[in-house]
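Visitor: Please walk me through this model, one feature at a time. I would like the general idea and then the case at hand.

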Amino acid sequence: MKTIAAVATPRGTGGLSVIRISGENALNVARRVFKPAGEKKPGKLSSHTAVYGNIFDGKEKLDDGMLTLFHAPNSYTGENVAEITCHGGIYVTERVLRACINAGASLAGAGEFTKRALLNGKISLTQAESVIDIINSHNKQYLTYSLAQREGALYKKIEEISAIILDITVQIAAWIDYPDESLDSFETSSFLGQLADCRTKLQLLLETFEIGRVLREGVLTAIVGKPNAGKSTLMNLLTKSDRSIVTDIAGTTRDIIEESVNIGEMVLRLCDCAGLRDTRDEVEGIGVNIMLKRLEQCELALAVFDNSRPLEKEDYTLLEKLKGKNAICIINKADLKNRLDLTFLATQFKNVIEISAKEPASFEPLTAVINKKLKLKRVDLSAGFIANERQRECAFLAEKALGKAIDGITAGSTLDTLGVTLEGALENLYELSGKNVSETVIDEVFKRFCVGK
């Protein structure tokens, strides 16, 4: 494969930038670009060595910096790797990269370094997919989950299941191909327990997909209530910014204002919705309709009620819309004289909290209630998860194939049929782990990656 190079650090002005080079000729490229301050040349430096020196494009000095070398196969990609660290200006970084290209390297594509690590057997496909999750981690739970994937937690589970299915498939193939050999006698019913156990493990893994999605994407949360209940003020409280416009004029919020925030161990994808009311204003009416759709879609509703006003028609309409929804009742303006029927609201919600959204002190008790409401099930985040739709589809098809095999054994299917069905389950599991996967699937996986990783 060609030798590739790319900037491995984010674009922008900073203290340092790293240009990564990987491939058979990486050390030669580094030797043409980097001149150590001492007598040693890059080609004679041992692996896992860092040295200070000057960076050149031909005879033109560009910068001073550091060169770090990793000899194959003991590198991230499994190839010779050289990393040049220079000062973090945009211009100098681009010039150093261009110098590497001029010295014989080709510009790397998105995720090409990690792709090479996969193709060279350094990591499995599920481990490769976890890299982008580590980069995108936005809280402790998501990072714990992503690191476990990077360490091979899911891969190991799939390998354990695959090994059992493969053993059974091999036994069946032996009976079909060598019927006259004195193989140990067996009945297909003897496989039922093992196959049922494998199917159960896959079903449990499939259940982890939703937890992984919530960790990755956050909880879609709608802030709803009648006009002037304090929805926008609540949005600003949770985001700790003036994200939404706040006035005493009913109908100020007409569109959906969205923002993602970390609330303890969870990320909320907050939506500040238009106030629920009958209106003749065409634009506001569109906002109300969008709010009703978002209320249907949301995974959590923060229902805001104005403590200074009695329950009105819009409040009762909202209560009807909230039936069966995961919701928290927020009594806003608790510092004003109470005119709400708090006893009645307590019968409508499992979680009720009184706050004054304009007071910063309300943030902690409110987020405590939200965290309690959304607390993750007691799951081991290091145990391995189905992390994306590709993995979910593979596991789903494998589980279905095992179900078909189990039904076939019960119905007395032939060994040929059972063997083909189990081979189908294995194919899906191997595609999940990357042991037998097409180049098209691999290309799709790495489309999400950034250049330089």
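Visitor: Let me start with a single side chain: is phenylalanine 305 buried or exposed?

Guide: Burial is read from relative accessible area: under 20% is buried, over 50% is exposed, and anything in between is partly exposed, using a 1.4 Å probe and protein chains only. Phenylalanine 305 has 0% relative accessibility, so it counts as buried. Bear in mind that this is a predicted model, where local features need pLDDT of at least 70 and side-chain atom pairs count only at pLDDT 80 or more, while totals for chains, interfaces and linings use all residues. Residues are numbered from 1 along each chain as its sequence is written, and side-chain values use heavy atoms, with hydrogens and water left out.

Visitor: What share of the 453 residues of the protein counts as buried?

Guide: The buried share is 49%. The accessible surface, from the Shrake-Rupley method with a 1.4 Å probe, comes to about 22,300 Å², and 51% of it belongs to carbon and sulfur atoms.

Visitor: How many aromatic pairs are there?

Guide: A pair of rings is described by the distance of the centres and the angle of the planes. Rings of Phe, Tyr and Trp (its six-membered ring) pair with centres within 6.5 Å; planes under 30 degrees apart are stacked, over 60 edge-to-face, and the rest tilted. The count here is two. Phenylalanine 305 and phenylalanine 349 have ring centres 6.0 Å apart and planes at 70 degrees, so they pair edge-to-face.

Visitor: Where do phenylalanine 305 and phenylalanine 349 lie?

Guide: Helices (H or I, at least four residues) and strands (E, at least two) are DSSP runs, numbered from the N terminus. Phenylalanine 305 is in strand β11 (residues 300–306) and phenylalanine 349 in the loop between α11 (342–348) and β13 (352–354), so the pair ties together parts 44 residues apart in sequence. Phenylalanine 349, at 9% relative accessibility, also counts as buried.

The other pair, tyrosine 316 with phenylalanine 344, is tilted: 6.1 Å centre to centre, with 55 degrees between the planes. Tyrosine 316 belongs to helix α10 (residues 313–321) and phenylalanine 344 to helix α11, so this pair links parts 28 residues apart in sequence. Both count as partly exposed, tyrosine 316 at 42% and phenylalanine 344 at 28%.

Visitor: Which charged end sits over the ring of tyrosine 76?

Guide: The rule asks for NZ of Lys or CZ of Arg within 6 Å of the ring centre and within 35 degrees of the ring normal. Lysine 453 places its charged end over tyrosine 76, 4.4 Å from the ring centre. Arginine 392 lies over the face of phenylalanine 396, at 5.7 Å.

Visitor: What is the strand order in the open sheet of seven strands?

Guide: Strands pair through backbone hydrogen bonds, either parallel or antiparallel; the rule asks for at least two DSSP bridges. The order is β3-β4-β5-β6-β2-β1-β7, with mixed pairing. β3 (34–36) and β7 are the edge strands, each pairing on one side only.

Strand β1 (residues 4–7) shows both kinds of pairing: four bridges join it antiparallel to β2 (residues 14–22), and two join it parallel to β7 (residues 106–107). β1 and β2 form a hairpin with six residues between them, and glycine 12 in the turn has a positive phi of about 140 degrees.
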